[in-house]
Amino acid sequence: MADTEVQVFDSEEELAVSLAKCTTDLSDKFCKERDAFTVVVSGGSLIKSQFHEISLRKKLAEKHLWRFSLINPWTYPHAEVKPESAACSRIEQRQSKGSRSYLIDCGVTGCLLVFNIVEDGNTEIKTIPIPAGHVYAINDTLSAEGAADDYETCLKHLIKSNIVDISKESGFPKFDIMLLGMGPDGHVASLFPGHPLVHEKEKWVTFINDSPKPPSDRITFTFPVINSSANIALVAAGAGKADVVHKSLGDSKSSDLLPVQMVSPEGELIWFLDKAAASKLWG
């Protein structure tokens, strides 16, 4: 059973600052231990809260030991709207109130770009310098099934190269930290309530063709990989997440576990909540 900590913040901005500090503190620890820091980014609102946080971007500029695994529902397939650049090969998209955020792996230039396209059409671009080859994104030229197999092969290579650790307890890949969001239905990654994939025990990476939330075709880490992580930061913000947060952390007696309730890393699980998401926890 993972050690669990719950942190509640007055605003999403304060949450983002704390999440960035948690990530960079862990970076210092792991980089000293083995000259690498492996980060899984699940996308969604984390694109905004994590990568727009200036303290983290400054840290990324200083660290050439970070390795990013980009695997989430927004990286396969391509978003319909793409910035026009041949170097921008992978896109994650988030839409909210008329704005769109993109996280792009520019493999040619060796950086991550965060595009924030707001309602008036203006585009704000923020660059995160990362060495080329340190971002491992999905091969979106393949089918969902092919992309899942290809990504699992990539992970095996990273383990063989001693970039990604292997769990001595489970035998599955062990990332230093996973940054996970949570849907209002309690799904994490692309593991949805009631879907057979939540019970997958053998595969590292798998695919889904019948997602209850668009897009229908996705690939995802399985729970054995998620729960082999050294640390997981689980982020939930907004009143729309309050019921699920209460069910997960409150006194709910339901026997039907949501996917988010199945998250249990080998190390520490930290919930990062804003007040709205935590509003039903204590009265």
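Q: Why is Ala239 called exposed?
A: In this predicted model, Ala239 has a relative accessible area of 58%. The term exposed applies over 50%, so Ala239 counts as exposed.

Q: Where is Ala239 found?
A: Ala239 is in the loop that runs between strand E14 (231-236) and helix H6 (242-249).

Q: What does Ala239 touch, not counting residues up to four places away in sequence?
A: Ala239 touches Ala276 and Ala277. A contact requires heavy atoms within 4.5 Å. Pro184 is 55 residues from Ala239 in sequence, and their C-alpha atoms are 9.4 Å apart in space.

Q: Why does Val6 count as partly exposed?
A: Its relative accessibility is 36%. Buried would need under 20% and exposed over 50%, so Val6, at 36%, counts as partly exposed. Val6 lies in strand E1 (residues 3-9).

Q: Which residues make the nonpolar surface patch of about 310 Å²?
A: Val6, Val8 and Trp282 make this patch. A patch residue needs over 30% relative accessible area, and Val6 has 36%.

Q: What makes Phe175 and Phe221 an aromatic pair, and why is the pair called tilted?
A: The ring centres are 5.5 Å apart, with 40° between the planes. Rings pair if their centres lie within 6.5 Å, and planes under 30 degrees apart count as stacked, over 60 as edge-to-face and the rest as tilted. The 5.5 Å distance therefore makes Phe175 and Phe221 a pair, and the 40° angle makes the pair tilted.

Q: Why does the pair of Phe175 and Phe221 tie together parts that are apart in sequence?
A: Phe175 lies in the loop between strand E10 (173-174) and strand E11 (177-181), whereas Phe221 lies in strand E13 (residues 218-221), so the parts tied together are 46 residues apart in sequence. Both Phe175 and Phe221 are buried. With Tyr151, Phe175 and Phe221 form one aromatic cluster. The structure holds 4 aromatic pairs.

Q: How do you know that the charged end of Lys29 sits over the ring of Phe30?
A: The charged end of Lys29 is 4.1 Å from the centre of the Phe30 ring. The distance limit is 6 Å, and the charge must also be within 35 degrees of the ring normal. The charged end of Lys156 likewise sits over the ring of Trp204, 5.6 Å from its centre.

Q: How many helices and strands are there in the chain?
A: The chain has 6 helices and 15 strands. Of its 283 residues, 54% are buried.

Conventions
Residues are numbered from 1 along each chain as its sequence is written. This is a predicted model: local features need pLDDT of at least 70, side-chain atom pairs count only at pLDDT 80 or more; totals for chains, interfaces and linings use all residues. Side-chain values use heavy atoms; hydrogens and water are left out. Helices (H or I, at least four residues) and strands (E, at least two) are DSSP runs, numbered from the N terminus. Buried means under 20% relative accessible area, exposed over 50%, partly exposed in between (1.4 Å probe, protein chains only). Patches are made of residues with over 30% relative accessible area and no salt bridge: like charges are joined within 9 Å, nonpolar side chains (Val, Leu, Ile, Met, Phe, Trp, Tyr) within 5 Å. Accessible areas come from the Shrake-Rupley method with a 1.4 Å probe; for residues, only the protein chains shown count as cover. A salt bridge is a side-chain nitrogen of Lys or Arg within 4 Å of a carboxyl oxygen of Asp or Glu. Rings of Phe, Tyr and Trp (its six-membered ring) pair if their centres lie within 6.5 Å; planes under 30 degrees apart count as stacked, over 60 as edge-to-face and the rest as tilted.
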